[in-house]
Amino acid sequence: MLVSALLLLPTIFSTARAVTVYGQIPLAQTVTGTSGTKATPTLPAYDKTLLQPPAIVEPAPGSAYTLSLQNDAAAVNGLSIPHVGPGFWGFSIEMSVLNQVPFLNLMANLVERSGGVVVRIGGNTQEFATMVPFLEDGKTFDKEDSGSTQTTKTPAVLYTIDMFYMAANISSMLNVKWFFGIPFNDSVNWRLTIAEEAQSIVGDDLLALQAGNEPDFYEQFGRRVTYTPEMYSQEIEQLITVIDANDRIPVKNMLLGPSVATGPWTPEQVWETGFIERFKDRLHALTVEHYPNNNCAAAFGTGAQIVDPQDIFPEYLSHTAAVELVRPYINSGNLAVAAGKPLYMFETNTASCGGFAGVSDSYGAALWAMDYGFQMAYANFTHGMLHVGGQNVFYNPFTAPPTNQSGFNQWTAGAIYYSTIVLAEAFGKTNTSRITDLGGNSGSVYTPSYAIYEQDKLSKVALFNYMDDGTNTRDLLVTITVPTGVPVTVEVKYLNADSVSTKDNITWAGQTLGNQYEVDGRFKGDLNIVTINCDTVAGTCVIPVPAPGFALVFLDNAAEQLSVGQATQTFATTAYSKTRNTATIDPAVLQTSNGHSGGNRDAYWSTSAGSTSSAERQAMILPGIVAFVAVLVSGMWVVRAIVHSFTAARAVTVYGQIPLAQTATAGYAQATLKAYDPLELIPPPVPSSPPASAYTLNLERNAAAVPGLSIPHVGGSFWGFSIEMSVISQVFPFLNLMANLQERSGGVVIRIGGNTQEFATQIPDGSLDFGHTFAKTDSGSNQTTQTPAVLYTPDMFYMANNISEMLNVKWFFGIPFNDSVNWRLTIAEEAQNILGDNLLGLQAGNEPDFYLKFGRRSTYSPQMYTDEVADLIKVMDDNPNIPVKNMLIGPSVSSIEWKPEQVWETGYIERFKDRLYCLSVEHYPMNNCAALTGPSPGNPIIDPQDLVDAYFKHDLPMALMDQYRESTRLAQEAGKPFIMFETNTASCGGFPGLSDSYGAALWALDYGLQLAFGNFTHALLHVGGQDTYYNPFTSPPTNQSSYNAWSVGAIYYSTIIISEIFGKTNTSQIVDLRGNFANSYTPQYAIYERGVLNKIAIFNYIDDKTGASDSQVTLNIPGGVPASVRVKYLLAPLITSRSNITWAGQTLGGQFTVDGRFRGELNITTVSCNTAANTCIIPVPAPAFALVFLDSASEALSLGQATETFSTSAFTQQHNTVTYEPATVSLSNGRSGSDRDKYLGTSYGYKESGSTALKLPLFSFSLALAILSGVWVVRARALL
């Protein structure tokens, strides 16, 4: 390493890129510049063992095969998430040998290709590391006995503060980012100096701090008497508490964990402790560590059987090795992405305890490391860290010379280092590269292949040939065909060597770093890139791949990597001395090594070689892992049992979904589909008696002084969603849209049900044609919206639960109420069993006041409904499959045929309050049923233009709320939440031009705030199919979302804003201010948080582009105003606009363009206040909504795009499987159901009488779209 060599680098440069070395005196070495000998033959880093290449396994794979590739990523199944950040491979450097690595020129090669490098300083030695003020002879590092019993004889490291300056100075020269580790050997007296100094000195170049290294071995290594995953999680909690109290650690959210070795514990055992949910806000990333094998018996004489490297060599020369190494972590990858965290393989290499002679330092190991790295990236790992030990290991990517006489001996680059170069070039710098395992050549494990897509286009193809028989007979000819056409030529870079067992003469595109003792970090030789002529008529390119060999095929002849051989930035260093304790160092040493060997480094064995333990323990671990993988491969993971889905991170696992009667062509929405209706209404005229344009709000600072405040809002986003059961295959929640709400409010509540729940019947898996999850039949109902009966499989619940594993989404389901004699309680049984704590409640009856009108009962009354609920409770009490008895929801009346008070009069609340989760109602202000079914007496077709004035003012929200004031009072007395369980602008799908307008967003904002003021806990906006106007979000009209993305209705913005208004504190209270003489066009609300005035919400419903109706609102706060306030605006060109709607300058996009992420720059207005007069004047355009933040540090002011976003890849089961285009899932995070464009949405709320229901034919919706945004229909409970 550069040791404290780089301490004051920025201040004492006398030559460009000079490295200043302070006080490092090599012990047991001379300080003259002329002595030095070759490495001692026994040092493994310089071992000369050459193994025999394994025999070719017969029958050998075909020597010629074809890869049929798609040019567009949108057409490819199973692509990984994009690789973001520096090169995929980074380095894990054992703390005790830090003075030997890293070598700047080798790092520069990677920075040139990938933009940066990540380096971890730690390992087992970090656990006993102690910072001291100084060491003898000016050293930066020293070692002493740690007392550890582990196999690798880990010493305790003493270090000085120079370690951090060294890292910071490296980062001043190259884009190297660092990880350090907090010592974990004493969890009572935490030593946090590493965290303090790293944050202070390394600054932004510090990425994270590891909290525990391989804690699953702590008990075995004698670091704890007993130790369990729960005990580890508890220690993390203790650590966080100590960090929180430490002012010298200002950044509190950069921990890494759990870094288990997958030995005594699996990662799942840690996840089961709630590790992710408990600590995700404090974690930079999730981490694991693992080595495929160990060589501890040979390295340390443990007494176990010594492994012959020749016997194990074939295991590394097969694609199976990479696949099986990654397989156990796919579930962890899913969970990491669900939590919005990267997943790192934080320490790995060919084998722990230093690797194997002849294996770990061979060309075959380079092939293995490339395959392993690609496979991890394919499974959505963000980085893998190759461990670097001292001179006594075989596996080093690079090793310093054996003495400080690098005038004689230079550095050595291990074969495995080339793999880091290749992956850096494969993924590049764009942060868009995605990879897929092609499984070509009939899936041969000796000839794996990958395709890399960059900026959504096929960019590169990686081709392996593991075979080596000493002849050319096993060379490959790989034909690449692309249906849309191939370029005239492609360029190919080869990683070549004479044999899989060779250590020398390895070349990448004709260049080499040199053999042992020859490496100065710069590539030597001429760059040799092979040009292959393609057959553009046949659309093919034939790529030769020697045996053994690796080829990286570039389809873009202008790719930056084709011009990269030697890094443009190289380092020659000059030695400067301290004024005391100075070693005289030959400048040639530093010129070639960019570092210096530490004292006595040859005398110490390498430490922390990975998952090392006693040989007996290791002998048990590996077969256990193999057995576990075998279980997965055998298909047990398909069973709804104990194992989470082992698919790629955020994978969409879709079972048995075959899209019926769908074409693969692009197409925009049919004009008749209401969700895409282009109608835009005329804004209402300016009121004839307009409100005052300037007015004052006299506010109280303290909530205690405000009469009429609401109860505190508790429990996530106020607005949730009610999703009609029959159309969840179209609108099941779009995760990025849900993530926006979670970011602001902490969670989202969703109801699956509606009128279609009343006829819903669960049937066994496989009972529906073509493996569907949903189908519909005629229900016999005569209600207006022609409600069908829904048939569903248990996948519905797994789908919901898997969403909840990614986001904090809680669910309501409904018990079918069409037959109160033979209760069908499967929904209750399965929902409780599968969803567990993610299930909030079960609705007992949907709009029962309409049962008589809709023909579901011959006579019916509130008392009869209450009696049926009592009957239902008795049946549930007798059912052991419904263990939770107190989660019913009711009465959910529509307030049309019955008023809630009529139900309360039956004694409903008193009789059932111990069995109720909440009280509920449903209501829509109007209906548009006549337009759907035809006019009837008393139910004419309504022109939406006639309604604009009614919706676009405060009167309507107040009237909607007023009818429930007595009900909310009773709910509070009973200690129950009160929820508006289904609502929107109008039943039967809403009104064109109104329900999807900016004015509807203002109405929903006002309505939601008014309900909260009236002590509602939540309100659920109903979401129908594509044949509704009022949807907050709508999926694309066909399954070709590579052409059409999602659409967001204007009303969705109201859910975002109310989430920001109430936030996450569970203390927000609201009051309707009734300012400006209670004018209905300019309502206002004040929000108090933690008992103090926090925000003011101001509306202007008037549409007047002259500026005459713009409001100037003076806020007067007797206790004093801040120097300035911040204001977010919801704006649109007109109150009737359907597009160009922005919240604080950002928009989600227009029709067919929404991926759920906000676009544009966050624009928050700062308004200066008059502190002398205690006033702030807030301008509010006409029309507009303004949210005024009195607290400039409010979390909501930093919220634009959610920090956790989702793009997904489609993975399938092997039976009844539909092939999905990843672009569909990436853009829409979902897919349209079969034939969905043909059918009307159902259950739009309360419905007036209409014509007799039409008979719908039997049809099915593909659940594909129900898998929106990475939702897995995985039939397995997560180990959480």
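Which residue's side chain does Lys 429 meet in a salt bridge? I looked this up first, bearing in mind that the model is predicted, and I found that the partner is Glu 560, with N and O 3.1 Å apart. I then placed both ends: Lys 429 sits in the loop between helix H12 (415-427) and strand S15 (434-437), while Glu 560 sits in the loop between strand S23 (549-554) and helix H14 (587-593), so the pair ties together parts that are 131 residues apart in sequence. Lys 429 counts as partly exposed because its relative accessibility is 38%, and Glu 560, at 44%, also counts as partly exposed.

**Entry: other salt bridges**

I noted that the count of salt bridges comes to 41. I picked out the one between Glu 230 and Arg 278, whose closest N and O atoms are 3.5 Å apart. Glu 230 belongs to helix H4 (residues 229-244) and Arg 278 to helix H6 (residues 275-279), so this pair ties together parts that are 48 residues apart in sequence. I read a relative accessible area of 30% for Glu 230, which makes this residue partly exposed, and 31% for Arg 278, which is likewise partly exposed.

I went on to Asp 1027 and Lys 674, whose side chains meet in a salt bridge at 2.5 Å from N to O. Asp 1027 lies in the loop between strand S36 (1018-1023) and strand S37 (1033-1034), and Lys 674 lies in the loop between strand S24 (651-654) and strand S25 (694-698), so the pair ties together parts that are 353 residues apart in sequence. Are Asp 1027 and Lys 674 buried or exposed? I found that Asp 1027 is buried and that Lys 674 is buried too. I also recorded a network in which salt bridges with shared partners join Glu 58, Asp 469 and Arg 474.

**Entry: the barrel that begins with S2**

I traced 8 strands that close into a barrel in the order S2-S3-S7-S8-S9-S10-S11-S12, with parallel pairing. Neighbouring strands of this sheet are turned by 30° against each other on average, direction ignored.

On one pairing, strand S31 (residues 809-815) runs parallel to S32 and is joined to it by 5 bridges, and the bridge partner of Ile 815 in S32 is Ala 844. The chain passes from S31 through helix H19 (residues 826-835) to S32, and I recorded this β-α-β crossover as right-handed.

S32 also pairs in the parallel sense with strand S33 (residues 888-893), over 2 bridges, where Leu 842 stands opposite Leu 888 in S33. Here the chain crosses from S32 through helix H20 (residues 862-877) to S33, and this β-α-β crossover is right-handed. From S33 I moved on to strand S34 (residues 916-922), which pairs with S33 in the parallel sense over 5 bridges, with Val 893 opposite Val 921 in S34.

**Entry: helix H11**

How many residues of H11 are buried? I found that 16 of its 16 residues are, so the helix is largely enclosed by the rest of the structure. H11 covers residues 363-378 and reaches 23 Å from its first C-alpha to its last, close to the 22 Å expected at 1.5 Å a residue. Just after H11, I noted that Asn 380 takes a positive phi of about 75°.

**Entry: Thr 1114**

Leaving aside its neighbours within four places in sequence, I listed its contacts as Tyr 695, Thr 696, Leu 697, Thr 1175, Cys 1176 and Ile 1177.

Terms used: Residues are numbered from 1 along each chain as its sequence is written. This is a predicted model: local features need pLDDT of at least 70, side-chain atom pairs count only at pLDDT 80 or more; totals for chains, interfaces and linings use all residues. Side-chain values use heavy atoms; hydrogens and water are left out. Contact means heavy atoms within 4.5 Å. Helices (H or I, at least four residues) and strands (E, at least two) are DSSP runs, numbered from the N terminus. The expected span of a helix is 1.5 Å times one less than its number of residues. Buried means under 20% relative accessible area, exposed over 50%, partly exposed in between (1.4 Å probe, protein chains only). A salt bridge is a side-chain nitrogen of Lys or Arg within 4 Å of a carboxyl oxygen of Asp or Glu. Two strands pair if DSSP finds at least two bridges between them. A crossover is right-handed if, with the strands pointing away from the viewer, the path from the first strand over the helix to the second runs clockwise. Axes are lines fitted to C-alpha atoms, for helices over the stretch in contact, and angles run from 0 to 180 degrees between N-to-C directions.
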